[in-house]
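Please look over the structure shown here.

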Amino acid sequence: MRTSIRTAGVLAALLAMAATGCAGGRTTRDIPSAPANLTDKVRLVAYTDCDEMTEGLRQAAARNVTPWGFGDAMLFAARSDVATAERAVPDQQSHSTTNTHEAGVDEPDLVKTDGDRVITVARGVLRVVDVKTREVTGTLRLVAEDQAWAQADLLVHGDRALVLFQGGGIIPFGATARAQAGPGGPRYVLVDLSGEPRVLGAMTVHGQHIDARQTGSTVRLVVRSQPEIAFPTPKQDESEKELLEGNRRAVLSAPGDAWLPSYDVESGGASRTERVGCDRVSHPDQFTGTSLLTIHTFDLAAATPFGSLTPIAVAADGDTVYGTAGSLYVTSNPRWWEARPIDVVPPPDPSAAAPAPKTPPERTEVHRFDVSAPGVPRYVASGSVPGRLLNQYSLSEYDGHLRVATTSGAEVSGASPGTSESGVYVLDAGTLAPTGSVTGLGKGERIYSVRFVDALGYVVTFRQTDPLYTLDLRDPAAPKVTGELKITGFSAYLHPAGEGRLVGVGQEASEAGRALGTQISLFDVSDPAAPAVLSRFHQKESGSEAEWDPHAFLYWPAAGLAVLPLQTWTGGGIGGSAALVLRVGDREITKLGVVTHPRPAATGGFAPADQGIRRSLVIGDELWTVSGAGLKVSDAATLADRAWVPFG
């Protein structure tokens, strides 16, 4: 799922939730089922009817249910889910755009601009700011003030904005009922921006938001769901064997609708509840039956985008999305908890004793959808690779192949200390069958960042020092390491910065591996056999959101600017927040200055305005910085203040 952890507070809340997850009305342990080994298992099967689908999902789920149900499969790990195009933005472009992984494929973020307007969503309120007048020209509250904590992102096409609320239980502003009927999952709200912003429609889905991608006016939402099965209430002193038997019986008697995700649609003044049809569900050769991936597609330019929806679903799991102009990949990291192995033959005997738990195979499942044409995507293939992904930058499609970088044996239940290593695996994009691999990177370490640029790859691993590996991927059947650079600290995000240059955003570290503060590095990778560090900027006792969410990183090649949020701390607490502005030359990084926002007046509310700067934009010769308190406009060359646009 996307869940890029944007603040320490959010991360703490998610970790607290992970410790007390519940499903089916009972407290659960996060013991998801082992991932299927899909290597060379790429035959795709559609169900012929609802009866076949129901029976197939029942049997698979019954083999994988545990005494505690299906477990809470949400992953609460800080991830970097967004970033910049592989190519530099053309110099003639007058404004920056969202920092995305692939050029032409937009990703949700909390601010968007077309050069004339800045559109942002903060504390449940969408605002439109006119660039010329620097005034708020439109405001639309989407959730009540007591739900201002709800994380929201934007996708925009012309005068249409899609607001994505990732969390469940969001109640629309002005709703008379404080309890919402139907699904309680993520909510997607369509807004008309042609005049005063107004809601055109909305969709609330059953499940967990993973991510979304937009190509042109077409948006595709990826949602994960688990079957809605009421497991029996545990009895006092009930054994695990008895719990498992009861859960298996519940699964085997569950109706097909338990697996089919539902979603509520509000459009044209009417509401309706729909489910994914049996004829829209497919599955790979091997699957667990414990989750479904659903892709919803709609056109922001259509008169009624929510009018007619035809989602497709796959009996699979997923938590990371990577998109190109023609492909949408959804991957599922292996779980680190012990789980029962997949047993595909024969149907289970409810009276049989439960097999002993063991560490599941550490493999990442990969599912590919063809999105080269507008409309409903086509499910193409499934496959898997050893190990665990870091984030979407661990994936890259190039010249008919998918490159995947993973770490095996790190921070996984049952792994021996120091046994981890990383590798890059090359799959045929048409079948997801293995083509080649290079392994053995960073023994005893794990991947901290990855970047693929055409036929080259860059992988950073870390434990005490930071090896930057350069890889030659021109021959898909025989990828190889060509160079290695060892320095202290690590780069958590890598950004192309012109021919033969990479910028790394991360932390300096001691020889023992202790983080010492934000570090921005300029690497010379013009010679793949001899990568070198040219310049480093270090800010002690600080951190940046760009380390785990590259949407927060701005690189503007026309002026050689790099801008990122910077939080400093003293005495164990956060001492201040600013936007750090750097000048990136061909051989040196220098500090241009910092931008700060006024500290808002204390409100005493549940979710007070955050003065911390989150994002930055370049529009013409101006640098715009965004926080929960407002927008500041600065001279991009001198950082002199030009305007302050407060959010009332």
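**A loop residue to begin with**

Asp-146 sits in the loop between β7 (135-141) and β8 (152-157); strands such as these are DSSP runs of E with at least two residues, helices are runs of H or I with at least four, and both are numbered from the N terminus. This is a predicted model, in which local features need pLDDT of at least 70 and side-chain atom pairs count only at pLDDT 80 or more, while totals for chains, interfaces and linings use all residues. Residues are numbered from 1 along each chain as its sequence is written, and side-chain values use heavy atoms, with hydrogens and water left out.

- Asp-146 has a relative accessible area of 46%, so Asp-146 is partly exposed; buried means under 20%, exposed means over 50%, and partly exposed lies in between (1.4 Å probe, protein chains only).
- The C-alpha atoms of Asp-146 and Gly-124 are 9.5 Å apart, and 22 residues separate the two along the chain.

**Two buried residues**

- Arg-501 belongs to strand β32 (residues 501-509).
- Arg-501 counts as buried because its relative accessibility is 9%.
- A polar atom of the Arg-501 side chain lies 2.7 Å from the backbone oxygen of Asp-586.
- Beyond its neighbours within four places in sequence, Arg-501 is in contact (heavy atoms within 4.5 Å) with residues including His-495, Pro-496, Leu-522, Phe-523, Asp-586 and Arg-587.
- Phe-553 is located in the loop between β35 (542-543) and β36 (554-556).
- With a relative accessible area of 2%, Phe-553 is buried.
- Not counting residues up to four places away in sequence, Phe-553 touches several residues, among them Asn-99, Tyr-493, His-495, Val-503 and Val-505.
- Phe-553 and Val-505 are 48 residues apart along the chain, and their C-alpha atoms are separated by 8.9 Å.

**Helix α3**

- Helix α3 (residues 240-252) has 13 residues and should span 18 Å at 1.5 Å a residue, which agrees with the 18 Å between its end C-alpha atoms; the expected span is 1.5 Å times one less than the number of residues.
- The buried residues in α3 are Leu-243, Leu-244, Glu-245, Gly-246, Asn-247, Arg-248, Ala-250 and Val-251.
- An α-helix has 3.6 residues a turn, so residues three or four places apart point the same way.

**Salt bridges**

- Side chains of opposite charge can pair when their charged atoms come close.
- The count of salt bridges comes to 27, where a salt bridge is a side-chain nitrogen of Lys or Arg within 4 Å of a carboxyl oxygen of Asp or Glu.
- Arg-198 and Asp-192 form a salt bridge at 3.3 Å, N to O.
- In that pair, Arg-198 is partly exposed at 47% relative accessibility, whereas Asp-192 is buried at 10%.
- Arg-213 and Asp-211 form a salt bridge at 3.1 Å, N to O.
- Arg-213 is buried at 4% relative accessibility, and Asp-211 is buried with a relative accessible area of 1%.
- Lys-443 and Glu-421 form a salt bridge at 4.0 Å, N to O.
- That pair links distant parts of the chain, 22 residues apart: Lys-443 is in the loop between β26 (434-441) and β27 (446-453), and Glu-421 is in strand β25 (residues 421-428).
- Lys-443 is exposed at 58% relative accessibility, while Glu-421 is partly exposed at 27%.

Terms used:
A polar contact is a pair of N or O atoms within 3.5 Å; within protein, one must be able to donate a hydrogen and the other to accept it, and residues adjacent in sequence count only if both atoms are side-chain atoms.
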